[in-house]
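Dear colleague,

Please find below the structure that I am handing over to you.

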Amino acid sequence: MRRIVLITPLLATGCIAPKEKPEYPIVARILSSIDGRYQLGEVTIPSLTDVDRMIGTVGAIKGQAALNVDADVAEIMASTDPDAVYSDRGHPVETDYLVKDGVVIPQNFQTMEMLGLYSVYERTVSFWETNFNIPFEDVGFPSLYYNPRLRREKDGEQVEISTTMNAAYLPGVRDFWFFKTASREHVPVKMNFGVVAHEFGHFIFDYHFAEFDRTIYNTKLGLNENFLSGLNEGLADYFSYAVTESVTEFGASLPELDQERRLPVSWTLRTSLNGVCKGSFYCQGSVLASALYEIAQLPGQSPLLVATHAFDALPAFRQTWKERRDVDLLDYSALLNAILLEVPADQTAYCTVFRKWFDTDNVRLNLRCPN
């Protein structure tokens, strides 16, 4: 006689307890940076108001965005027209989690990444809200694009281009892009406190230097464009350090970033131009970040204090840039002199450090240091 075995459905009514709802403020078990070391722990995310769709009072994460890259990427990033940048502006994301004893526990890698991204972004915003008089209510917050796709027209069809291990700030439309995670990232770049703080540093530069005017970045002189890019990167690196107070953040994701961007770097402006760092604007920016980092270690100084001086110097630098960008070749003294005006009592100490790192004749001769 055939034996009949009855199998009870797992989802039978009354067999599974209802899913516990999250409590606010959200406490999530995620990978998080503590003094530059990443570990799994319970993190409170106070500004997150909708954990299901990753929406909060300081920003929202969007998914499934598609970027148009039929033109040169630099041209796309220079655009102030979202329709020229996006073929799809993205959609609300969805998370998958369980709640245990009031703690949100991600059930997939994507949810872990999004919670981690929002958490370090919130910590970065908190630094600037607490220490600087920035009217974020009027300025507004950028959108955070999770894994945006790049699309290019080829033979009449849309072809997707894979981009990984990268993050970017788009000045024209004030958005952040956090691309797909690659398997060799130790800590996903999009969860890296230092990387997110660096990208937000570009937002701060865009706000206080450019005043969100994309045309301010334009110049008829290619060398000036390269100089401004390096200065922007250098300030973003230093602002990242001021926010995190750690020099090991970048290396937590990729070892090569530790070699290239850990402060202080092993080259000066002169040696970066002689091939040690191939003279790229990133390398020259690292010189600026290293000089500011060294000053922050001096008696009476601090990472926040030096960041404040650099931030306060940006309007004066903006004026110099606007007056000379198309007629003179500018060098780092244009910013360094603006910083010196912010520190009348400490100019000698600042100048000693500036002369060490900016060891080319053009910068040295143009520094307005005490005799």
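Ala66 is found in strand E6 (residues 66-68); strands (E, at least two residues) and helices (H or I, at least four) are DSSP runs numbered from the N terminus. This is a predicted model, in which local features need pLDDT of at least 70 and side-chain atom pairs count only at pLDDT 80 or more, while totals for chains, interfaces and linings use all residues. Residues are numbered from 1 along each chain as its sequence is written, and side-chain values use heavy atoms, with hydrogens and water left out.

Ala66 has a relative accessible area of 0% and is therefore buried (under 20%; exposed is over 50%, partly exposed in between; 1.4 Å probe, protein chains only). Leaving aside neighbours within four places in sequence, Ala66 is in contact (heavy atoms within 4.5 Å) with Val85, Tyr86, Ser87, Asp88, Arg149 and Arg151. Ala66 and Tyr86 lie 20 residues apart in sequence, with their C-alpha atoms 5.7 Å apart.

As to the rings, the structure holds 32 aromatic pairs (Phe, Tyr and Trp rings, the six-membered one for Trp, with centres within 6.5 Å; planes under 30 degrees apart are stacked, over 60 edge-to-face, the rest tilted). Tyr169 and Phe176 form a tilted pair, 5.2 Å centre to centre with 45° between the planes, and both residues are buried. Phe209 and Tyr217 have ring centres 6.3 Å apart and planes at 70°, so this pair is edge-to-face. Phe209 and Tyr217 are also buried.

Finally, there is 1 cavity of 30 Å³ or more (on a 1 Å grid over the protein atoms alone, a set of points where a 1.4 Å probe fits but cannot get out; lining residues have an atom within 4 Å of a point). The largest cavity has a volume of about 90 Å³, taken as the space filled by probe spheres set on the points, which are joined across faces, edges and corners. Helix H6 (222-244) and helix H7 (249-253) each give two or more residues to its lining, and H6 gives the most, with 3.

With kind regards

Methods. 1 Å grid on protein atoms, 1.4 Å probe; cavity = no way out; pocket = protein on both sides within 12 Å on 5 of 7 lines; lining within 4 Å.
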